[in-house]
Amino acid sequence: MNKQELIKMAAKGSGMRIHDVALAVDWFLESIYETLVKGETIEMRGFGKFIIKEYCNMIGRNKLTGEVFTLPPRNMVRFKPANLLKRRIMGKDLEVKGAEK
């Protein structure tokens, strides 16, 4: 699913206009970007956590020449799924709280 498909699905499910949902999704994503850039963790209960993992200098090796070099330290975004999300993906917890049947 891409961003446009998500927006259409949310608009259909909520009864909101696509334009309004697109603005909300854009705002939501921008909030995530800003929070992660600050180095803060984002936790959404029942869904998961976005965390910044800091990697130190690492030693690399060129496979062709055998040359050894140092990779600079860097930050990477990691996602850790919540147990509820894991169970739902495995089909063990299919009921959605707050959703109409």
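**View 1. Three strands make an open sheet in the order E1-E2-E5, with antiparallel pairing.** Strands here are DSSP runs of E with at least two residues, and helices are runs of H or I with at least four residues, both numbered from the N terminus. Two strands pair if DSSP finds at least two bridges between them. Strand E1 (42-44) and strand E5 (74-81) are the edge strands, each pairing on one side only. From one strand to the next, the twist averages 25°; axes are lines fitted to C-alpha atoms (for helices over the stretch in contact), and angles run from 0 to 180 degrees between N-to-C directions. This is a predicted model, in which local features need pLDDT of at least 70 and side-chain atom pairs count only at pLDDT 80 or more, while totals for chains, interfaces and linings use all residues. Residues are numbered from 1 along each chain as its sequence is written, and side-chain values use heavy atoms, leaving out hydrogens and water.

**View 2. Strand E2 (residues 48-55) meets E5 over eight bridges.** The two strands run in the antiparallel sense. To find your way, look for Glu54, which stands opposite Asn75 in E5. Helix H2 (residues 18-37) packs on this sheet and touches E1, E2 and E5, where contact means heavy atoms within 4.5 Å. The direction of H2 makes about 135° with that of E1.

**View 3. Phe47, Phe50 and Phe79 form one aromatic cluster.** A search of the whole structure finds two aromatic pairs. Rings of Phe, Tyr and Trp (its six-membered ring) pair if their centres lie within 6.5 Å; planes under 30 degrees apart count as stacked, over 60 as edge-to-face and the rest as tilted. Phe47 and Phe79 have ring centres 5.4 Å apart and planes at 55°, so this pair is tilted. Because Phe47 lies in the loop between E1 and E2 and Phe79 in strand E5, the pair ties together parts 32 residues apart in sequence. Phe47 has 38% relative accessibility and counts as partly exposed (buried means under 20% relative accessible area, exposed over 50%, partly exposed in between, with a 1.4 Å probe and protein chains only). Phe79, at 35%, also counts as partly exposed. The rings of Phe50 and Phe79 have centres 5.0 Å apart and planes at 50°, so this pair is tilted too.

**View 4. Lys53 and Arg74 lie over the ring of Tyr55.** The charged end of Lys53 sits 5.6 Å from the ring centre. Arg74 lies over the face of Tyr55, at 5.6 Å from the ring centre. A charge sits over a ring if NZ of Lys or CZ of Arg is within 6 Å of the ring centre and within 35 degrees of the ring normal.
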